[in-house]
Amino acid sequence: MTAAGPAHVVVDQPEGAPAFLVVLTHGAGGSPDTADVLAVRDAVRALGAATALVTQPYRVRGARAPGSAQKQDAAWAELVEVLRRETSRDGARLPLVQCGRSNGARVACRTARQAGAVGVIALAFPLHPPGHPDKSRDPELRGAGTSVLVVNGDRDPFGVPEPDEMTSVVILPGETHALSKNPSAVGVAVTTWLSVLPGIVPSRS
């Protein structure tokens with residue numbers, strides 16, 4: 001339960017002690033069972049992560065648009081706090097990685113500092129509305145305050161961000177905003193990035 005209403009969360013724990021926690025969410029009108037989000041889930045589970053697939057409150061109540069970004073971010077912060085508390089071990093919280101696609105990637109970036117995330121996986125980050133490069137959302141990406149992996153298709157009408165010292169960008173050929181043609185490539189990009197991410201010690205046991 002959040003101030004914006006109930007969220008729906010599916011948590012999976014590894015057989016042994018989890019190495020880190022990855023919280024994953026959907027795009028504006030979608031659900032967290034898209035090919036790219038599930039590819040990330042499977043990749044991080046193979047590295048020993050606990051995972052949480054989140055359907056945000058506005059989608060649970062049937063809305064297709066998230067509405068106020070401030071309220072959306074507040075609800076996200078609430079549910080992540082609960083997940084961090086419930087997955088802690090002997091009072092120690094697991095390292096947190098936030099993951100979202102499209103609008104969910106924006107949320108993951110905007111809330112990363114507050115949540116204390118050691119990294120963000122931004123799938124199909126919507127750099128700008130199609131046809132409107134002047135309305136850039138780049139400040140949201142750069143404001144994450146932590147390491148970010150962006151995975152975008154080279155045919156994405158929402159644009160593709162540029163890399164910088166904190167932002168790694170993987171561009172998948174032939175992919176659109178959906179990132180649905182080759183989800184295994186998304187998983188490979190995530191595995192490669194996590195293997196060197198500070199604060200994460202992957203476990204394959």
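This is a predicted model: local features need pLDDT of at least 70, side-chain atom pairs count only at pLDDT 80 or more; totals for chains, interfaces and linings use all residues.
**Entry 1: α1 against α7**

I started with helix α1, residues 35–46, and helix α7, residues 183–194. Their axes come within 8 Å. I read a crossing angle of roughly 40 degrees. Angles from 65 to 115 degrees would count as roughly perpendicular and those under 35 as roughly parallel. The pair α1 and α7 is therefore oblique. I noted the hand of the crossing as right-handed.

Next I listed who makes the contact. From α1 I have Ala-35, Asp-36, Ala-39, Val-40, Ala-43 and Val-44. From α7 I have Pro-183, Val-186, Gly-187, Val-190, Thr-191 and Leu-194. I then sorted the residues of this contact by class: 9 are nonpolar, 2 polar and 1 charged.

**Entry 2: α3 against α4**

I moved to helix α3, residues 69–86, and helix α4, residues 103–110. The axes of α3 and α4 come within 10 Å and cross at roughly 70 degrees. Angles of 65 to 115 degrees count as roughly perpendicular. So α3 and α4 are roughly perpendicular to each other. I logged this crossing as right-handed.

On the α3 side, the contact uses Ala-69, Gln-72, Asp-73 and Trp-76. On the α4 side, Asn-103, Val-107 and Arg-110 take part. By class I get 3 nonpolar, 2 polar and 2 charged residues.

**Entry 3: burial of α4**

How many residues of α4 are buried? I found 7 of the 8. The helix is therefore largely enclosed by the rest of the structure. The buried ones are Asn-103, Gly-104, Ala-105, Arg-106, Val-107, Ala-108 and Cys-109.

**Entry 4: salt bridges, pair by pair**

I found 10 salt bridges in the structure. Side chains of opposite charge can pair when their charged atoms come close.

Arg-45 has a relative accessible area of 38% and is partly exposed. Asp-12 is partly exposed too, at 24%.

An α-helix has 3.6 residues a turn, so residues three or four places apart point the same way. Glu-81 is partly exposed, at 33% relative accessible area. Arg-85 is also partly exposed, at 45%.

Asp-138 counts as partly exposed, with 22% relative accessibility. Arg-142 counts as partly exposed, with 29%.

**Entry 5: a network and Glu-140**

Which residues are linked in a network of salt bridges? I noted Asp-73, Arg-106, Arg-110 and Glu-140. Two of these names were already in my list for the α3 and α4 contact: Asp-73 of α3 and Arg-110 of α4. Arg-106 was in my list of buried α4 residues.

Glu-140 is found in α6. Is Glu-140 buried or exposed? Buried means under 20% relative accessible area. Glu-140 is at 18%, so I put it down as buried. I then looked for its contacts, leaving aside neighbours within four places in sequence. They are Arg-106, Cys-109, Arg-110 and Phe-125.

**Entry 6: Leu-83**

What does Leu-83 contact, once neighbours within four places in sequence are left aside? I listed Val-9, Val-11, Leu-21, Val-23, Ala-52 and Val-54. I also checked one C-alpha separation. Leu-83 and Val-9 are 74 residues apart along the chain. Their C-alpha atoms are separated by 9.3 Å.

Note on methods: Residues are numbered from 1 along each chain as its sequence is written. Side-chain values use heavy atoms; hydrogens and water are left out. Axes are lines fitted to C-alpha atoms, for helices over the stretch in contact, and angles run from 0 to 180 degrees between N-to-C directions. Helices (H or I, at least four residues) and strands (E, at least two) are DSSP runs, numbered from the N terminus. Angles under 35 degrees count as roughly parallel, over 145 as roughly antiparallel, 65 to 115 as roughly perpendicular and the rest as oblique. A crossing is left-handed if the near helix is turned anticlockwise from the far one by less than a right angle, and right-handed if clockwise. Contact means heavy atoms within 4.5 Å. Ala, Val, Leu, Ile, Met, Phe, Trp, Tyr, Cys and Pro count as nonpolar, Asp, Glu, Lys and Arg as charged, and the others, Gly among them, as polar. A salt bridge is a side-chain nitrogen of Lys or Arg within 4 Å of a carboxyl oxygen of Asp or Glu. Buried means under 20% relative accessible area, exposed over 50%, partly exposed in between (1.4 Å probe, protein chains only).
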